[in-house]
Amino acid sequence: MNNNWSTLKEEIKAAAPELGIDDIGFATAEPFLYLRTVLEEHRRKGYESGFEEPDLDKRTVPALQGGEPMSILAIAVAYPSKMDNPPKSEPGERRGILARASWGRDYHQVLREALGKLEAFIRERVPDAVMESMVDTGVLSDRAVAERAGIGFSGKNCAIISPKWGSWIYLGEMVTNIPFPPDVPVTEGCGDCTKCIDACPTGALVGPGQLNAQACISYLTQTKGFLSEEYMTKIGNRLYGCDTCQIVCPHNRGKNWNHRPELLPDSEVVKPLLLPILSISNREFKEKFGISSAAWRGKKPIQRNAIIALGNFKEAAAVPKLTEIVLAEPRPEMRGTAAWALSRIGGEEALAAVEQALAREQDEEVLGMLRRAQEKLRETAQAEG
Ligand code: B12
Ligand code: SF4
Ligand code: SF4
């Protein structure tokens with residue numbers, strides 16, 4: 001029997017590229033005991049993002065409806081890290097950036113399709129196999145599974161880093177009752193390198209492989225409310241996600257995977273002009289960004305981040321639109337953020353807009369932001385005048 005599973009495993013490995021899978025590894029379905037302690041500590045310190053599955057039993061003890069979980073197949077799909085001919089971001093035509101994990105078609109769909117093909121491949125050979133696949137939104141830790149299955153090692157930036165593909169890989173897995181022989185974990189590691197920890201703009205990597213998600217820009221770009229001035233400044237022009245701790249990683253040097261047309265970036269989508277985003281309708285948003293995994297939180301966070309980016313660029317051409325927002329936008333976090341952006345841009349027009357808004361604003365939080373903006377604008381006007 002054992003031999004059969006080894007043979008099937010080799011067949012699966014050979015068929016993986018045709019199924020749309022760049023790397024596949026096999027792991028046992030034993031509970032992830034060490035992970036439980038890590039996750040408990042993570043929660044105790046308040047480092048969770050809130051996007052994780054909250055039930056720690058489900059996260060660490062693989063389960064399978066209708067069967068006994070015997071092994072987990074981890075898959076990786078590699079994605080591009082470089083854009084051909086990126087459009088220039090210039091005064092009057094400022095642009096934001098989406099993180100690489102949201103370039104091209106939403107990876108949840110791409111990996112689900114690949115896992116569907118993998119299930120069909122196994123089903124043809126083992127008709128009564130029980131299989132359950134997940135990508136990102138499942139209960140398990142995709143990284144812990146990938147690490148155990150030998151896809152890559154767990155880097156100090158938290159990413160699973162494949163010796164072949166680097167960390168530019170999406171992860172997914174399939175739990176099954178087939179007792180496949182497991183692969184061995186990768187033995188490589190980070191060594192003495194600390195480039196990602198040193199480069200993280202907010203100090204969110206509080207230790208090797210330890211992330212305070214509440215301070216991570218990737219998380220912050222996906223929130224919907226107000227952000228602190230410190231975080232708004234550090235977000236720069238990021239509209240969704242953050243790639244800094246992967247870009248600096250030596251294991252990613254020269255790694256760019258463009259063999260999948262559906263994952264290639266459309267530069268007008270992934271490096272879009274900022275000003276038009278502020279006037280986009282729900283329908284236009286869906287048409288432009290709907291294909292991307294960046295769209296999952298809707299247009300609000302991306303619009304707020306576009307205001308932040310315009311502030312960080314000190315983009316004078318944005319003052320009329322920001323004035324409109326600070327005076328008439330129904331969402332308080334947009335008015336408050338616009339007040340901050342106007343104070344970054346500076347000038348008489350910006351000050352006039354903020355003072356006009358102060359006279360009519362009702363929301364306490366927005367009022368606070370307007371007052372700080374007014375103060376800053378007056379200070380700069382005095383220093384310059
Ligand atoms: C919540 C979440 C986030 C949160 C929190 C991220 C985090 N690091 O915890 C936020 C929104 C910030 C986020 C951001 C990003 N994410 Co995310 N995210 C997830 C999600 C849904 C759960 C992660 C989780 O449970 N974290 C809790 C930590 C504690 O557990 P873990 O990272 O899963 O497990 C590791 C640690 O426990 C560590 N560990 C084990 N033992 C020990 C012992 C010690 C002492 C320590 C310190 C650590 C440690 O090893 C485990 C394996 O690496 C997963 C999908 C999934 N279902 O797993 C995707 C996932 C991790 N994200 C992914 C991606 C691509 C990203 C971004 C790169 C996107 C972007 N460009 O902006 C960033 C990277 C940020 C970073 N440096 O981690 C990919 C990672 C692919 C890869 N190659 O590693 C995943 C797997 C999605 C997918 N299916 O492809 N994400
Ligand atoms: S994604 Fe950005 S903010 Fe988050 S840990 Fe990496 S560098 Fe830091
Ligand atoms: S930058 Fe250095 S420390 Fe960070 S993940 Fe890469 S090799 Fe490891």
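# Buried positions, aromatic pairs and ligand shells

Good morning. Ala-129 has a relative accessibility of 6% and therefore counts as buried; the term means under 20% relative accessible area, with exposed meaning over 50% and partly exposed lying in between, for a 1.4 Å probe and protein chains only. The model is a predicted one, in which local features need pLDDT of at least 70 and side-chain atom pairs count only at pLDDT 80 or more, while totals for chains, interfaces and linings use all residues. Residues are numbered from 1 along each chain as its sequence is written, chains are lettered from A and ligands numbered from 1 in the order in which they are written, and side-chain values use heavy atoms, with hydrogens and water left out.

To continue with Ala-129: this residue lies in the loop between H4 and strand S4 (131–134). Helices (H or I, at least four residues) and strands (E, at least two) are DSSP runs, numbered from the N terminus. What is Ala-129 in contact with, leaving aside its neighbours within four places in sequence? Its partners are Ile-122, Arg-123, Asn-177 and Ile-178, where contact means heavy atoms within 4.5 Å. The C-alpha atom of Ala-129 is also separated by 8.7 Å from that of Gly-67, 62 residues apart along the chain.

Ser-293 is buried, as its relative accessible area is 4%. Leaving aside neighbours within four places in sequence, Ser-293 is in contact with Ala-101, Ser-102, Asp-106, Tyr-107, His-108 and Tyr-240.

I turn to the aromatic residues. The structure holds nine aromatic pairs. Rings of Phe, Tyr and Trp (its six-membered ring) pair if their centres lie within 6.5 Å; planes under 30 degrees apart count as stacked, over 60 as edge-to-face, and the rest as tilted. Phe-26 and Phe-180 form an edge-to-face pair, at 5.0 Å centre to centre and 65° between the planes. This pair links distant parts of the chain: Phe-26 is in strand S1 (residues 23–28), and Phe-180 is in the loop between strand S7 (169–176) and helix H6 (195–199), 154 residues apart. Phe-26, at 0% relative accessibility, counts as buried, and Phe-180 also does, at 3%.

Why is the pair of Tyr-107 and Tyr-170 stacked? The ring centres are 4.3 Å apart and the planes are at 0°, so the pair falls in that class. Here too distant parts of the chain are linked, with Tyr-107 in helix H4 (residues 107–125) and Tyr-170 in strand S7, 63 residues apart. Tyr-107 is buried at a relative accessible area of 14%, and Tyr-170 is buried at 4%. Both tyrosines belong to one aromatic cluster, formed by Tyr-79, Tyr-107, Trp-168 and Tyr-170.

Next, the backbone. Most residues other than glycine have a negative phi. Cys-158, not a glycine, has a positive phi of about 85°. Cys-158 lies in the loop between strand S5 (153–154) and strand S6 (160–161), and is buried, with a relative accessible area of 12%. Lys-314, likewise not a glycine, has a positive phi of about 50°. Its place is in the loop between helix H12 (299–312) and H13. Is Lys-314 buried or partly exposed? Its relative accessible area is 46%, so Lys-314 is partly exposed.

The following element, H13, packs with H14. The axes of helix H13 (residues 319–328) and helix H14 (residues 332–345) come within 8 Å and cross at roughly 145°. Axes are lines fitted to C-alpha atoms, for helices over the stretch in contact, with angles from 0 to 180 degrees between N-to-C directions. From H13, Val-319, Leu-322, Ile-325 and Val-326 meet Met-334, Arg-335, Ala-338, Ala-339, Ala-341, Leu-342 and Ile-345 in H14. By class, this contact has ten nonpolar, no polar and one charged residues. Ala, Val, Leu, Ile, Met, Phe, Trp, Tyr, Cys and Pro count as nonpolar, Asp, Glu, Lys and Arg as charged, and the others, Gly among them, as polar.

Finally, two ligand shells. A residue is near a molecule if one of its heavy atoms lies within 4 Å of it. The residues around ligand 2 include Cys-200, Cys-216, Cys-242 and Cys-245. That shell has eight nonpolar, two polar and no charged residues. Around ligand 3, the residues include Cys-190, Cys-193, Cys-196, Cys-249 and His-251. The ligand 3 shell divides into six nonpolar, two polar and two charged residues. Thank you.
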